[in-house]
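Dear colleague,

I am handing over the structure below, and after it you will find what came out of going through it. Please read the notes with the coordinates open beside you.

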Amino acid sequence: MNKVETTWETIEPEMLSQIYVPKREFSHKGNYGHSLLITGSHGKMGASVLMAKGYLKGGGGLLTTMVPEKEGVILQTTVPESMVVSMQTANELDWAKFQVIGIGPGLSTSTEMSNLLELVLSKHSGKMVLDADALNLLAQKPELLAKLPENAILTPHPVNFAGWLAVAKRFPENGNAAAIQHQTPIGSYPERKKYRHCHPNRQNLV
């Protein structure tokens, strides 16, 4: 088994230790970049709260979260560390100030969100993580795959994977990585780096 060649890699503590950079003693959030999270819809703002809190818990720097205008108060009261902007003003946003964008959780798959994803892909060519409904929107509109920035990271869980696998072979060859969440069956992904995130308290099928 150890001699079988594979394109899969397991994300282990040893790998993370090579890229982890401890924060300096005298520093502040502005020293660690500015990220934008695009998330949430009516009834699914819990995903936005969890996403923002997870980013901050993981040691992220300056954070702006983009949510539907009528839902902004939820973020401002539950995650006061994050600045909040409205999806309805996305065209007016200064996209150049964000080093990283994360998009997907709780978005829904409406036409409005599809248009928002297309706008994001046209405005940002830097680092990007796509999850949840962002992947469902890609499956609905596979022509957007060609607009993914280089080294974009996609993180499907089994449900995302099932709807997304049919269009996965249309990926552009630009170094994108797919980080498949726990218990996702190994499938016919294009030939590129693939990672499996190990949850310490869950069985991981490889």
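**Confidence and contacts**

This is a predicted model, and its mean pLDDT is 82, with 75% of the residues reaching 70 or more. Over residues 182–191 the pLDDT is below 50, although this stretch has 34 contacts in the model beyond near neighbours in sequence. The pLDDT is also below 50 over residues 198–206, a stretch for which the model has 15 contacts beyond near neighbours in sequence.

Turning to the helices, the axes of helix 4 (residues 111–123) and helix 5 (residues 133–140) come within 10 Å of each other and cross at roughly 95 degrees, which means that helix 4 is roughly perpendicular to helix 5. Where they meet, helix 4 brings Met113, Ser114 and Leu117, and helix 5 brings Ala134, Leu137 and Leu138. Sorted by class, this contact of helix 4 with helix 5 has five nonpolar residues, one polar residue and no charged ones.

As for rings, the charged end of Lys23 sits over the ring of Tyr32, at 4.9 Å from the ring's centre, whereas a search of the whole structure finds zero aromatic pairs.

Conventions
Residues numbered from 1 in each chain as written. Predicted model: local features only at pLDDT ≥ 70, side-chain atom pairs only at ≥ 80, totals over all residues. Heavy atoms only, no water. Axes fitted to C-alpha atoms, helices over the stretch in contact; angles between N-to-C directions. Helix = DSSP H or I, 4+ residues; strand = E, 2+ residues; numbered from the N terminus. Parallel < 35°, antiparallel > 145°, perpendicular 65-115°, else oblique. Contact = heavy atoms within 4.5 Å. Nonpolar A, V, L, I, M, F, W, Y, C, P; charged D, E, K, R; others polar. Phe/Tyr/Trp six-rings, centres within 6.5 Å; stacked < 30°, edge-to-face > 60°. Lys NZ or Arg CZ within 6 Å of the ring centre and 35° of its normal. pLDDT = per-residue confidence, 0-100.
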